[in-house]
Amino acid sequence: MREISAEIQSWPISGAFTISRGAKTEARVVVARVSENGLTGQGECVPYARYGENEKDVLAAIKGQQQAIADGMSREELQRAMPRGAARNALDCALWDLEAKLACKPAWELASLTAPRALTTAYTLCLAAPDDMREAAAKAAKRPILKLKLGQGGDEDVARVEAVRAGAPNAALIVDANEGWKPEDVLPLAREFARLGVSLIEQPLPAKDDEVLRGIESPVPLCADESAHGLEGMRRLVGLYDFVNVKLDKTGGLTEALAVIRCAKLRKLRVMVGCMVATSLAMAPAMLVAQQADYVDLDGPLLLAKDREPALRYEGSLVYPPERELWG
């Protein structure tokens, strides 16, 4: 008989993580565990207030599946039993991990994927004053890809990108507005950022407003994040965005994330695989999805004051696939 356990954990962030919606100094995660025959699979999620989630409700939702899991619920049945989101992500990833342990096979093999390889991740610079972002960029200048958290648009965001470009002249740059801009900002800022060599603009507008992007010819590719969750709604993104940011907390786990990747490619959308600020346990299953991505943003553990053990191995911006002791 399978059993569920779950707990809320807090992991301190190195300094503060600041975006246009606010700042935080700790990563609050929920870890789900599913046990059978002395083996335990685990998965980690980050409840996100932007999507109406909190730790208490996510914990209750996971524990509420105890009887179904005990009765042998499969991952496919889980997709129908729970809505996509953080709670389903933790359980789905725990089931993948348990299945891998029970079968004595790696999760990538169970998913009919090729063996994962090490990948280069973007490294995030938090929203700050331009001079502070220049200093942070200079410290990270050897990293090949930097992701900048921006503010409310306008001249100050241009100043931030100029400052980062001065601090890290050779890095590829991704900018993330986290829904902070106004419609009239998009084209002027995109033109400025094209001049500064920005490679990608992530979620410039609030998700409710992004229809105004249809038909805009941005000189920098646009990526959907808050506008993109799971398989539903993928068709609408075509003509609005060039990329879609796939995060397991949004898709509700690895199972749907793999389906989203396939759907995106069929619709000629390119892919970023992203994360919330969390430990290596949350990044590990995302590494399987990231093998098929154009951009990888799995730097969550690098932003923490400490990571769990065992952890993913990072060498600079190179992140290696998980060892079996961690996940999968």
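Where is the place of proline 310? Proline 310 sits in the loop between strand 12 (295–296) and strand 13 (314–315). The structure is a predicted model, in which local features need pLDDT of at least 70 and side-chain atom pairs count only at pLDDT 80 or more, while totals for chains, interfaces and linings use all residues. Residues are numbered from 1 along each chain as its sequence is written, and side-chain values use heavy atoms, with hydrogens and water left out. Helices (H or I, at least four residues) and strands (E, at least two) are DSSP runs, numbered from the N terminus.

## Backbone features

Glutamate 309 and proline 310 are joined by a cis peptide bond, with omega at about -5 degrees. Most residues other than glycine have a negative phi, and most peptide bonds are trans.

## Helix packing

Two helix pairs are described here. Axes are lines fitted to C-alpha atoms, for helices over the stretch in contact, and angles run from 0 to 180 degrees between N-to-C directions. Angles under 35 degrees count as roughly parallel, over 145 as roughly antiparallel, 65 to 115 as roughly perpendicular and the rest as oblique.

Helix 1 (residues 55–63) packs against helix 4 (residues 86–103) at an angle of about 45 degrees, and their axes are 8 Å apart. The two helices are therefore oblique to each other. Helix 1 passes helix 4 in a right-handed crossing; a crossing is right-handed if the near helix is turned clockwise from the far one by less than a right angle, and left-handed if anticlockwise. Val58, Ala61 and Ile62 of helix 1 make the contact with Ala86, Ala87, Ala90 and Leu91 of helix 4, where contact means heavy atoms within 4.5 Å. This contact comprises 7 nonpolar, no polar and no charged residues. In this classification Ala, Val, Leu, Ile, Met, Phe, Trp, Tyr, Cys and Pro count as nonpolar, Asp, Glu, Lys and Arg as charged, and the others, Gly among them, as polar.

The axes of helix 11 (residues 254–266) and helix 12 (residues 280–290) come within 10 Å and cross at roughly 20 degrees. That makes helix 11 roughly parallel to helix 12. Their crossing is right-handed. On helix 11 the contact is made by Leu254, Ala257, Leu258 and Ile261, and on helix 12 by Pro285, Leu288 and Val289. By class, this contact has 7 nonpolar, no polar and no charged residues.

## Pockets and cavities

On a 1 Å grid over the protein atoms alone, a cavity is a set of points where a 1.4 Å probe fits but cannot get out, and a pocket is an open set with protein on both sides within 12 Å along at least five of seven lines; lining residues have an atom within 4 Å of a point. Grid points are joined across faces, edges and corners, and a volume is the space filled by probe spheres set on the points. By this rule there are 2 cavities of 30 Å³ or more.

| Space | Volume | Lining by class |
|---|---|---|
| Largest pocket | About 540 Å³ | 12 nonpolar, 5 polar, 14 charged residues |
| Second largest pocket | About 250 Å³ | 9 nonpolar, 3 polar, no charged residues |
| Largest cavity | About 90 Å³ | 8 nonpolar, 2 polar, 3 charged residues |
| Second largest cavity | About 50 Å³ | 4 nonpolar, no polar, 4 charged residues |

The largest pocket is lined by 31 residues, and Phe17, Ile19, Lys24, Tyr48 and Met276 lie nearest its centre. Strand 2 (22–36) is among the elements that each supply at least two lining residues, and it gives the largest share, 5 residues.

The lining of the second largest pocket includes Ile13, Phe17, Tyr123, Cys126 and Leu303. Strand 1 gives the most to this lining, with 5 residues.

The largest cavity is lined by 13 residues, of which Leu248, Asp249, Cys275, Met276 and Ala282 are the closest to its centre. Helix 10 (248–251) and helix 12 each supply at least two residues of this lining, and the largest share, 3 residues, comes from helix 12. Val46, Tyr48, Tyr51, Glu53, Lys247, Asp249, Lys250 and Met276 line the second largest cavity.
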